[in-house]
Amino acid sequence: MFRRLILVMVLALAGAPIARADAPTVTAVLTSSETEVDRPVQLRIKVTGDSEGAPPTDISVDGLEIHFTGQSQLVEGRNFHFSYSFIYSYTILPLKAGTFTIPPQTVKTKSGNLRTEALTLNVSLNGNGTTSSTRGRNGGGSTIDERKLVFADLVVPKTTAYVGELIPVEIRLGFNTRTRARLAEGPSLTAQSFTTQRMPEPQQSVETVNGVQFQVVTFKTAIAAARSGKFEVGPVEAKALVQVPRRAGSRGRSPFDVFGMNDPFNDPFFQDPFAGIPEQRQIDMKSQTVAVEIKPLPPNSPASFSGAVGNFGLTTDVKPKKAQIGDPLTVTAVISGRGNFDRVNSPTIEDDRGWHTYPPSAKFQPDDDVGLSGTKSFEMVLTPNENKTAVPPLLFSYFDPLKERYITLNSEKLPITIEGGAAPVPSAAVASASNTPPTAQPTPAPQADDILYLLTDRPRWVQSFAPVFERPVFWAVQVVPLLALIGFFGWKSRQRRLANREGQQRAAWEEETAELQKKLRRAEDPPDRYFAEALRVVQLKTALARRVPPNTVDAETAVSAFQLDDEKRARVRELFRQSDELRYSGRQNGHGAVNDAMRREVLELIDSLS
Amino acid sequence: MRARFLLVFCAAALCLTTTPRAEAQAETTFAKANADYSAGHFADAVKGYESLVQAHHWSANVFYDLGNAYFRTGDFGRAILNYERALALNPTQPEAQANLRLVRDQSRALELAPNWPEEHLDFLTTNQYAIVAAVAFWLAVFVFAAMFFMRRRPVVWIFVLLLLCAIAGGSVFAISAFETGTKGRDVAIVTAPKIQARLATAESAGTVLVLPPGSEIKILSTRGAWSYAALPNDLRGWIPAQGAERVRL
């Protein structure tokens with residue numbers, strides 16, 4: 001019985017591969033055959049009974065945007081009959097309303113090519129009533145009120161101004177805080193017949209407008225009219241990129257879920273696979289316009305008026321305060337205030353007689369980001385042609401829009417001290433100061449304000465402009481004292497060495513003298529050696545006194561080396577004679593020591609040699 | 001061997017004879033330029049003097065005469081430049097000093113303000129200070145060496161040593177101040193007309209100072225076709241590099 005059961009099971013399992021080997025089939029379905037513009041539907045192509053298949057890669061239908069989104073595998077088993085299916089998914093985005101036919105698609109399988117049935121998709125108008133998609137224009141379907149997402153506002157506080165007067169302008173761009181938005185382009189301000197100041201970095205704040213919270217970006221700038229009349233300022237235009245959530249679609253039953261089972265195709269993902277991903281949309285922002293009236297400047301402007309409109313002050317300074325005729329003086333004029341500084345030019349000198357002026361330089365330091373107020377400094381170089389006590393006043397004119405009249409600022413006179421007479425001119429005295437009187441040329445004849453004559457002497461050619469210490473010969477010459485220094489060191493070292501040798505010799509003699517005197521006092525040696533040692537002491541003492549070698553010292557040398565009386569001299573001579581006699585005659589005084597009287601006599605004699 | 005000896009001998013003889021010949025030719029050119037100047041042919045005189053300068057036949061007289069020739073042609077900038085060069089070679093040339101002052105006054109050229117050492121230590125030239133520094137240095141070295149070998153070092157010798165060191169150091173300081181001052185190696189003269197010193201290396205940059213031809217500047221650095229320079233009135237700015245020439249060649 002048990003064996004039969006196993007046999008049945010084996011046969012049943014063996015039947016499964018047989019079922020898998022059935023002829024493959026293909027089915028194409030749409031998740032919904034009815035949809036709206038910009039509302040995507042899903043196309044699924046299901047291949048059953050084949051392990052591999054090549055789905056169509058490009059399905060093109062005019063008015064529909066169809067993209068392959070992926071494939072999945074499905075294993076189904078019913079009554080021990082297993083089937084394998086491959087499902088290829090496509091997203092169809094209707095771009096316009098109408099009835100569209102998706103043509104039969106060919107799927108390549110191992111068993112051959114399979115063809116699907118044609119499908120029909122009815123696309124109706126969307127909620128905005130648009131018959132075509134807005135994706136091509138601004139990147140996505142628009143069913144959201146853009147005014148609740150972003151806004152642009154232009155604030156012009158002054159609607160009446162004069163030509164050239166700076167009018168502050170504020171541009172406000174708002175972004176709904178519940179969306180992720182950023183400024184993609186702009187803002188740009190349309191203002192014909194106006195010049196616009198630079199736009200600094202904006203300020204950001206959060207404001208509530210009509211119950212909606214906005215992130216507001218505020219740009220500040222200023223405009224100035226080039227001519228009079230009535231003009232429209234604006235609109236301000238900008239482009240924003242806003243991320244908005246996708247709209248959720250209706251969830252119908254899967255056509256594969258015939259029996260209401262939990263068909264994987266019935267997952268919400270297949271309703272709209274992009275529903276969880278917000279889409280980015282570009283929104284054009286545009287503000288209202290503002291009417292501005294520009295009045296012309298009054299006639300009869302001052303001569304020093306250069307177009308400055310606003311309210312300004314003037315301070316001046318000069319450096320140095322003490323100079324010679326012809327020396328440059330730097331006059332600094334500082335204009336500060338509020339107005340169109342681009343039209344503020346250097347002040348003019350009230351009376352420039354006796355002065356030589358040079359074009360000034362200018363430097364502007366704004367006090368705010370826009371440049372409405374600030375300080376403009378001018379530095380001009382003046383050189384006095386004659387004695388002056390002060391730099392004349394500087395004039396600066398501007399139009400005050402509040403007082404509605406021209407104002408001319410006069411600076412104070414700047415006191416200075418100019419020394420010296422007329423500018424120096426070369427004279428004959430200069431020529432006579434020359435060490436080498438040149439040969440004067442008759443033409444051109446020197447005038448009072450003319451240059452001096454040619455120098456026609458035979459030129460002394462030079463090789464270089466370099467100063468002497470940059471020339472190789474200069475450093476080559478330094479070798480001479482260097483060699484002399486080395487020679488000096490060598491000479492002095494040798495001298496010192498020689499001096500050292502003599503000193504050592506003398507020290508050795510003194511040491512030997514001391515040793516011998518000790519021995520003589522002990523008197524332990526026999527007479528011949530005792531007298532020889534005594535003689536040696538006399539020779540050493542004489543050598544130390546006379547700076548002569550001790551071996552060359554004889555009795556007369558020793559006698560003459562010291563101031564001795566006759567008796568001592570005789571005893572010195574006797575000492576030499578006695579020593580020679582003992583050394584050369586061979587006469588022995590025995591092996592005993594020298595007697596005390598003789599020893600005392602010898603020692604007294606030696607001590608007296610100093 | 002003999003041929004090689006002859007070759008060396010000929011080369012040496014050529015070298016010895018070329019220099020005097022070139023100098024003789026330069027003197028001929030100089031005389032001709034002087035003649036052109038005297039005849040009122042100033043442009044030809046300029047060419048003659050300039051050919052000498054190009055051939056490195058430099059002399060204070062040549063530069064002075066070239067400055068005169070440029071003055072006659074109305075080129076005040078180059079006239080001042082060549083007077084400055086004449087004075088760089090011979091700082092005591094009175095004619096160049098007088099003409100330089102005259103042309104500067106006429107052209108309204110701006111001058112750099114001299115530094116303190118230039119105002120107070122100008123009794124010697126840079127070369128003279130260099131020689132003084134070298135002599136004082138070596139004397140100090142020898143005094144020091146002699147004191148090294150002395151057993152007793154007299155105070156007088158120490159004083160002399162300190163004095164020599166001070167002279168050498170002061171001379172080096174003066175040389176340094178002169179070389180970085182208004183007569184130094186970086187000083188240039190504006191030769192082009194309508195030169196404007198600017199805040200940046202662009203023609204559209206703001207103007208710092210307008211420099212008449214002949215104005216003194218000190219070139220601090222060069223970037224491409226622009227030179228950054230110290231200007232009169234303690235200003236600094238960028239000028240076109242071609243608009244000024246260094247005094248020292």
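1. For the helix pair discussed below, axes are lines fitted to C-alpha atoms over the stretch in contact, and angles run from 0 to 180 degrees between N-to-C directions. The model is predicted, and the points that follow should be read with that in mind.

2. In chain B, helix α4 (residues 76–89) and helix α5 (residues 94–107) pack with their axes 9 Å apart and at an angle of about 155°. Since angles over 145 degrees count as roughly antiparallel, α4(B) and α5(B) are therefore roughly antiparallel to each other. The crossing in which α4(B) passes α5(B) is left-handed.

3. On the side of α4(B), the contact is made by B:Phe76, B:Ala79, B:Ile80, B:Tyr83, B:Glu84, B:Ala86 and B:Leu87, while α5(B) contributes residues including B:Leu100, B:Val103 and B:Arg104. By class, the residues of this contact of α4(B) with α5(B) comprise 9 nonpolar, 4 polar and 2 charged.

4. As to the chain that holds this pair, chain B contains 8 helices and 7 strands, and 39% of its 249 residues count as buried. Of the contacts in chain B between residues at least 6 apart in sequence, 58% join residues at least 24 apart.

5. The contact between the chains takes 44 residues from chain A and 47 residues from chain B. On the chain B side, the elements giving two or more residues are α1 (2–38), α3 (60–72), α4, α5, α7 (126–149) and β3 (207–211), and α7(B) gives the most, with 10 residues. The side of chain B that touches chain A has 26 nonpolar, 13 polar and 8 charged residues.

Note on methods
Residues numbered from 1 in each chain as written. Chains lettered and ligands numbered in written order. Predicted model: local features only at pLDDT ≥ 70, side-chain atom pairs only at ≥ 80, totals over all residues. Helix = DSSP H or I, 4+ residues; strand = E, 2+ residues; numbered from the N terminus. Buried ≥ 20, exposed ≤ 12 C-beta atoms within 10 Å, placed from the backbone. Contact = placed C-beta atoms within 7 Å. Parallel < 35°, antiparallel > 145°, perpendicular 65-115°, else oblique. Left-handed = near helix turned anticlockwise from the far one by under 90°. Nonpolar A, V, L, I, M, F, W, Y, C, P; charged D, E, K, R; others polar.
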